[in-house]
Amino acid sequence: LNKRQALTLFGNDISPIVLEVEFQTKDRLRFRLYDPNKQRFEVPVKINGPGVTAEEANYEVEFSDDSTHFLIKRKSTGTVLWDSPLVDLFFSNQFLQITTTVPSTSVYGFGEHEHSTFKHNMDFITYGMFSRDQAPTSFANLYGVHPFYMCVEPDSNAHGVLLLNSNAQDVTLSPNPSLTFRTIGGILDFYLFMGPTPENVVQQYTEAIGRPHMPAYWSLGFQLSRWGYGSLDVLKETVDRMKHYDIPYDVQHYDIDYMERRLDFTYDKVNFAGLPEFMKEMKKNGKHNVVILDPFIAKDEEPGTYRPYELGQEMGVWINNSDGVTPAVGRAWPPGDSVFPDYTNPRTVEWWTQLCLEFKDVLDYDGIWIDMNEPSNFMRGQYPGCADNEINNPPYTP
């Protein structure tokens, strides 16, 4: 337990806080800083380890005599992998910060970002992490968040660290070399993976968070996709051209132009007349079809004409405003205003599955391209705007 006297930058400091260290496996250590008196949001991913004794572990944990430093070392070499000066720790309601030294400047990771090199520049570079619908641009948030890094130590051993936190956050890389993590919610929950090779680090990381799924065999083949075919005729010409030039391909994608006015679970019966038959023909020739779906639903169609909205309304699957009752309304690809399915609601899974099964009877697709499923809205906030509160206007913006 650590009690602080000094005030932090943004007030609402939390004291005391607990630093808990868990020896999960011989190559995985968990340490977390949290408020013992109040439950704060934690990422709902359970990462359990069998638990090991200090003797079995490949790491050792030390506190300096005056408790100002928390260190983790590689047992075999004595290399310090993590060293946090606890005087620099901030733990307030909407601002959490911790700094650590790293054993070298060979630091990799922190996705999803556009990087010019795999090895990061450590010259006071800051990467923000908060998933949003934004095309790739340097130093801008992208579609996914991976608050994980790997560091290759001076003797070529490697270790990895995950910060399990899904609030808006950033990390600053400094030439000391050191890293400073900041986030505006949740707790500081770290997992350290001992490697010692980069491949071992990744194996230990995916053992903790879950292995990737094995994709369908056909999806490992060549795939063809573009936005803007515009009509089935243009698409047919494209397929014929591929055949004419003996270009092998296995999967054809259909972007939002196949839809009727960009409405999910529909197809354009004018420009893409004959699409169901065409997709069956493709399958006969050994090709697979992947259709796009954009998880936001038009709410302003004529009553009785658009089942996805009406079924969702009936099942109560939309993300609501702060009042918890009225659906949040925004703008996206479909005409008019849209509502947004809440995928943390189990009923939404039923709704989505039902519509996908019904749609499979219309277009016999083999796979679904889920598009725009990170927070996405073409307006600034929902209609008529976001409430003026500290959730929407945090004291620190990563």
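Modeller: Happy to! Keep in mind that this is a predicted model.

Biologist: Which residues touch the most other members of the largest nonpolar core?

Modeller: Tyr-254 is one of them, along with Tyr-258, Leu-275, Phe-278, Val-291, Trp-351 and Leu-363. The core has 39 residues.

Biologist: And which helices and strands supply at least two residues each?

Modeller: Four helices do: H2 (232-244), H3 (275-284), H4 (307-315) and H5 (346-362). Strands S17 (288-293) and S18 (297-298) do too. H5 gives the largest share, with 5 residues.

Biologist: What other core lies apart from that one?

Modeller: There is another one of 36 residues, and its members include Ile-14, Tyr-59, Val-107 and Leu-188. As a general point, nonpolar side chains tend to be buried together in soluble globular proteins.

Biologist: Switching topic: how is the chain divided into domains?

Modeller: The domain assignment gives domain 1 as 18-209 and domain 2 as 217-370. Their C-alpha centres are 38 Å apart.

Biologist: Back to H2, please. Which of its residues are buried?

Modeller: Those are Leu-232, Leu-235, Thr-238, Val-239 and Met-242. They cover an arc of only 115° around the axis, so they sit on the same side of H2.

Biologist: What do they pack against?

Modeller: The buried residues of H2 pack against strand S15 (223-224), strand S16 (251-254) and H3. On the other side of H2 you will find Asp-233, Asp-240 and His-244, which are exposed.

Biologist: How far does H2 reach from its first C-alpha to its last?

Modeller: Its 13 residues reach 18 Å, close to the 18 Å expected at 1.5 Å a residue. After H2 comes Asp-246, with a positive phi near 55°.

Biologist: Last topic: in what order do the strands of the open sheet come?

Modeller: The order is S18-S20-S19, with antiparallel pairing among these 3 strands. S18 and S19 (329-330) are at the edges with a single partner strand each, so one side of each has no neighbour in the sheet.

Biologist: How many bridges join S19 to S20?

Modeller: There are 2 bridges between S19 and S20, which covers residues 338-339. Look at Gly-330, for instance: its bridge partner in S20 is Ser-338.

Key
Residues numbered from 1 in each chain as written. Predicted model: local features only at pLDDT ≥ 70, side-chain atom pairs only at ≥ 80, totals over all residues. Heavy atoms only, no water. Domains from an automatic or database assignment. Core = buried A, V, L, I, M, F, W, Y, C linked by side-chain atoms within 4.5 Å. Buried < 20%, exposed > 50% of the residue type's maximum accessible area, 1.4 Å probe, protein only. Pairing = 2+ DSSP bridges. Expected span 1.5 Å × (residues − 1). Arc of directions from axis to C-beta. Contact = heavy atoms within 4.5 Å.
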